[in-house]
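Look at the model below with the sequence beside it.

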Amino acid sequence: MLTAQFLYGGAGLVLFALGLWSFLVHEPLLRKIIALNITGAGVFHVLIAIAYRGDVAPPDPVPHALVLTGIVVAVSATALALMLGARLQDAEEEDRRR
Amino acid sequence: MTSMTRARRAARSAERNRDLSLLVAVLLALLGAALTVVYFMALQAGAAPRLADLAYERLPGTGVQNPVTAVLLNYRAYDTLMELAVLLAALLGIWSLGPAAPGFQRSGAVLAGMVSWVVPLLIVTGGYLLWVGGYAPGGAFQAGALLGAAGVIVRLAGDPRAGLPGEAAQRWLLVAGVLVFTLVGLGLMVFGAGFLTYPPKIAKWLILAIEMAATVAIGVALAAAYVGGRPPGPQARPTAEDEDALSATEPAAENTPAPSP
Amino acid sequence: MTDPLVLCIALPLVGAMLVTALPRWSVRLGIVSALATAGAAVALTAAVWQQGTLHLILGGWDAQLAIALRADGLATALVLMANLVGLGISVYATGYFHDRLRVRSFWPLWLLLWAALNGLFLAGDLFNLYVMLELLGIAAAALGALTGNRDAVAANLRYLLVGLLGSISYLLGVALLYTAHGTLDLGLLAQRIAAAPELFAVNAAAMALMVAGLALKAALFPLHFWLPPAHANAPAPVSAALSALVVKAAFYLILRLWLDLFWPITGMAAAMLPALLGAVAVLWGSWRALRAERLKLLAAYSTVAQIGYLFLFLPLLTATPPGPARDDLLAALLLMAVTHGFAKAGFFLAAGLVQTNAGHDRIDDLGGTAQRLPATTFAIALSGSALIGLPPSGSFIGKWLLMQGAIATGQWWWVIVVTTGSLLASAYVFRVLSRAFGLEPTPLKFITDARAEVPALTLALISVAVLGLASGPLWTLLGLSAAGSGTGGGV
């Protein structure tokens, strides 16, 4: 059980580090937004991993609920970031046309 | 000459950027390694059942049988309330940025036919997931996500409003989740039970009412976020005839070929 | 059977829903919600004043399973400040926004932001704090981009992304703490961290992740890069809220974690790093404020500096043993935070009036402002004196106690930082004031636009007169809570 938790959660930490790297290194907005989502997914992985209690006991529902809440928050933030980016692109195109 | 120095400078700055990103990569690899060690230590700290046993033990008094729903709508209902507010805040932010972009061209007969099957199916499945959330995996978020997906499909099929009603009605549907949630909470407080403290006898029905309002709000918010802007104002509203065709969730009647752009 | 603890959060939330659903009534409903929320905050302060720390477990479940709300002296003082400033901003906003669409966008987002602020100050649960941080960040970025011009959208998009990164880092820290200790409740977690010194590495890593994420949101140097453009390009009432309240909320959370949760594992070395960065923030922020060409940019850089002062308190609190000297330091820290809240809000509101009146906010071309807008200029002067720390402002007492604490603990070098920062601050404030006076004849009317000028003036006056001359109650509020909680390390 501990091994499964460690491997799955460790993979989440790798995702966290990868997402962070991509966010810091890459310039384009879309890549930054995707990178943030991957970073967040890494943290969700850790939470899901610690909820696991082997094949006999049912999983801990609290981290599951936290992840559900976290996903909705991430979706909301991503939607707003994408629309701000679209608006910025429009404004830049307008400037170029002038 | 100048172009050569410029090229050299660009090459040098690219090199510096490469060095910098390598440095970032090395540092982050170290961070990842350190975090993994720390995570391993945390796993072995012996906190093991954490809240799991307690959550199952208290389950009979929550009004639902699905433990995740119990956490979301009862133990930690306040988190869920605030998270609905987060979704609404993001949508209001999107609306503040300007009107929605025009939609896609009308779908052809094949796509329209498929949409007329898929959308009702999504709505029915959403309703099922909402009900089943009380005792099995499912619940307001999953149901709301399906409703939102139905809106996305309707917009992709050519309805610029994604099948949503006019702005005034849309606003009420959007706030339904947080409003019902908060008013139930405040009502319980006024009657002496405490904010969001459900009496076990009626907990099931209060949770169901909150979940229904939340499902609608989430579905509408997701679809409206996909539309990507304020709903078109009265002057941009299509004619009555168009509106009938647009607001119908079954575009089956709509079998005219898409106008070529 | 109503609880002001709940009402402080529920009232702005219901208000936000009503202004969203009934956009035609948004100004009237918005003002009513603002008044009701501020009323709840006053009721909360009265309750804490009489009963000491309030604690409420939502849902009636066991403490570790449910979410707790709590109000101690520190939280209550900040709630009261935030709600009074919020009321001032609301009144100001009724006269500031004219465009119908902008009015309808502002009110719901502003009330959601307000609910998130109160929720954050009063939360007693780590994951709930994450949700509040996200609500705060999303509402703040959306409000900041409200003008819709390119610079504002770009700056607030960056603000949103940086804020998200900060929250994710915070959340990973929360996940580590839940893994090791099995609870999210602040009070229980504090006990378990204190009881498990063998888990030092886990606790320290969680602390580093959480504090780093929050420092990004609090704009601690060198993570402040996003702040000046975001705050300077937002509409004036939004700038006031962002600079006076939102940044402060992130700092409050750092302080809360530091003092309540991680106190057993923090030593001098841990406290030195943020304090050193804070010292650089004081000098760099003040210098950039002095060089700023625009009034709102000046105010934004001044916020970077003022946040820096707050971090200087960490090593002093660490070095001072519990007792009256440490209580004084804590009260001084709170006094500086609260004074800056009022002063910076007043400054931004006044700067917004200058901008709408003159059509620009270039400092060099402000000649004659004092004659055209005497009350506004007076508000800038008053809040400026609080930013410098002139007596009798609240920050004068705060800085005095800060320097006293620095000398008492042998950390004399902070005194140099504080003095240099104050000198730079007086330079940038006087630079604005010297430009504002022109050669035109003296005005006939002191106040030209009451709805906009009175809030700015009132907030500035509170920062100087009320907080300076009557700061005693803050000590009482903190003292009451210390007696109530009874823990050695806690606030």
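A nonpolar core is a set of buried Ala, Val, Leu, Ile, Met, Phe, Trp, Tyr and Cys residues joined through C-beta atoms within 7 Å. A residue is buried if 20 or more other C-beta atoms lie within 10 Å of its own, exposed if 12 or fewer, and partly exposed in between, with C-beta atoms placed from the backbone. This is a predicted model, in which local features need pLDDT of at least 70 and side-chain atom pairs count only at pLDDT 80 or more, while totals for chains, interfaces and linings use all residues. Residues are numbered from 1 along each chain as its sequence is written, and chains are lettered from A and ligands numbered from 1 in the order in which they are written.

The largest nonpolar core has 335 residues. Those with the most contacts inside this core are Ala85(B), Ala89(B), Leu113(C), Leu135(C), Leu136(C) and Ala139(C). The largest share of the core, 21 residues, comes from α6(C). Two residues are in contact if their C-beta atoms, placed from the backbone, lie within 7 Å. Apart from neighbours within four places in sequence, Ala139(C) is in contact with Ala89(B), and also with Leu109(C), Leu112(C), Leu113(C) and Ala116(C).

Now turn to chain A. Which secondary structure does chain A have? Chain A has 3 helices and 0 strands, in the order α-α-α along the sequence. Helices (H or I, at least four residues) and strands (E, at least two) are DSSP runs, numbered from the N terminus. The C-alpha atoms of chain A fill a box of roughly 65 × 25 × 15 Å along the principal axes. Of the 98 residues in chain A, 52% are buried.

The unreviewed UniProt entry lists residues 6-26, 33-52 and 64-88 of chain A as "transmembrane region". UniProt positions are given in the numbering used here, feature names are shortened, and annotations may be inferred rather than shown by experiment. Residues 6-26 of chain A are 95% helix and 0% strand, with end C-alpha atoms 30 Å apart. For residues 33-52 of chain A, the end C-alpha atoms are 29 Å apart, and the span is again 95% helix and 0% strand.

Chain A also meets chain C: 25 residues of chain A are in contact with 20 residues of chain C. On the chain C side, α5 (126-144) and α6 (150-181) are the elements that give two or more residues. The largest share of that side, 14 residues, comes from α6(C).
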